[in-house]
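Colleague: I'd like to learn how to read a new model, starting with charged side chains. Could you walk me through it?

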Amino acid sequence: MLATLKGYFFPERIRSRVELARFVSGEASYVAQRSTYEFSRNTLAWYGQAAFGDPKFNEAFAVCRWEAFAALAADMMTILRFFLDAGPEFDPALLQVHADVLGEYPAPVHRPDGWGDRHAALLGRFAGTTSSHRPDLKAMGHRTGLLIHEYAPARSKNAEEERAVLAAAATFGLISFSDRLPKRLDRAALRVALRHAA
């Protein structure tokens with residue numbers, strides 16, 4: 001029991017590419033599921049119970065969750081690139097971590113061809129900045145919030161306010177992720193592991 005508590009409050013630092021992919025996957029999944037579920041539940045209010053029992057609604061909700069997960073994972077890779085001060089030589093390894101995160105699960109029904117467009121978009125994002133360029137978390141959260149709203153299975157008539165709510169949820173998730181990196185990641189060991197992977 002004490003070992004479990006110690007592991008919860010003082011988790012071991014992440015030192016390998018595999019551990020890094022698992023960490024990003026868990027973080028992106030948590031933010032995606034929390035933001036999409038809470039948004040849908042609050043939008044639907046008391047209709048929510050019926051909606052979440054509807055297979056068609058759940059199909060649309062799954063698409064929204066998956067797309068949010070992929071977008072947040074890409075945002076987190078951009079944050080990691082800055083935190084690790086990973087120059088262009090690390091980009092192939094970081095792109096592989098992103099592929100590992102999205103490839104951990106079978107391709108969703110709505111994406112039979114996989115996530116190639118998301119990998120290409122992240123590559124383009126890396127090409128447009130350097131690792132010393134501090135990511136604008138608010139801008140990333142805003143962009144991802146707009147994407148989530150685009151796929152949201154339920155909306156009200158106040159689209160502007162809804163987008164702001166989703167942007168805030170994504171931004172706070174990214175800030176929380178960024179704030180945890182110094183305590184969770186062994187920066188030096190990860191740079192070595194990623195250099196070998198590249």
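Colleague: Let me start with one arginine: is R118 buried or exposed?

Modeller: R118 is buried, with a relative accessible area of 12%. Keep in mind that this is a predicted model.

Colleague: What should I look for around a charged side chain?

Modeller: Here's the general idea: side chains of opposite charge can pair when their charged atoms come close. In this case, R118 forms a salt bridge with E67, and their closest N and O atoms are 2.5 Å apart. That pair ties together distant parts of the chain, since R118 sits in helix α6 and E67 in helix α4, 51 residues apart.

Colleague: Why does E67 count as buried?

Modeller: Buried means under 20% relative accessible area. E67 has 1% relative accessibility, so it counts as buried.

Colleague: How many salt bridges does the count come to?

Modeller: Eleven.

Colleague: Now a contrasting case: which side chain of opposite charge is nearest to R191?

Modeller: That's D85, 4.8 Å away. A salt bridge needs the side-chain nitrogen within 4 Å of a carboxyl oxygen, and R191 has no salt bridge even though it is buried.

Colleague: What does the side chain of R191 have beside one of its polar atoms, then?

Modeller: The backbone oxygen of L84, at 2.7 Å. R191 is part of helix α9 (residues 187–197). Leaving aside residues up to four places away in sequence, R191 touches L84, D85, A86 and F90.

Colleague: Let's zoom out. What does the secondary structure of the protein chain come to?

Modeller: Nine helices and zero strands. Of the 198 residues in the protein chain, 40% are buried. And if you take contacts between residues at least 6 apart in sequence, 82% join residues at least 24 apart.

Key. Residues are numbered from 1 along each chain as its sequence is written. This is a predicted model: local features need pLDDT of at least 70, side-chain atom pairs count only at pLDDT 80 or more; totals for chains, interfaces and linings use all residues. Side-chain values use heavy atoms; hydrogens and water are left out. Helices (H or I, at least four residues) and strands (E, at least two) are DSSP runs, numbered from the N terminus. Buried means under 20% relative accessible area, exposed over 50%, partly exposed in between (1.4 Å probe, protein chains only). Contact means heavy atoms within 4.5 Å. Lys and Arg count as positive and Asp and Glu as negative; His and the chain ends are not counted. A polar contact is a pair of N or O atoms within 3.5 Å; within protein, one must be able to donate a hydrogen and the other to accept it, and residues adjacent in sequence count only if both atoms are side-chain atoms.
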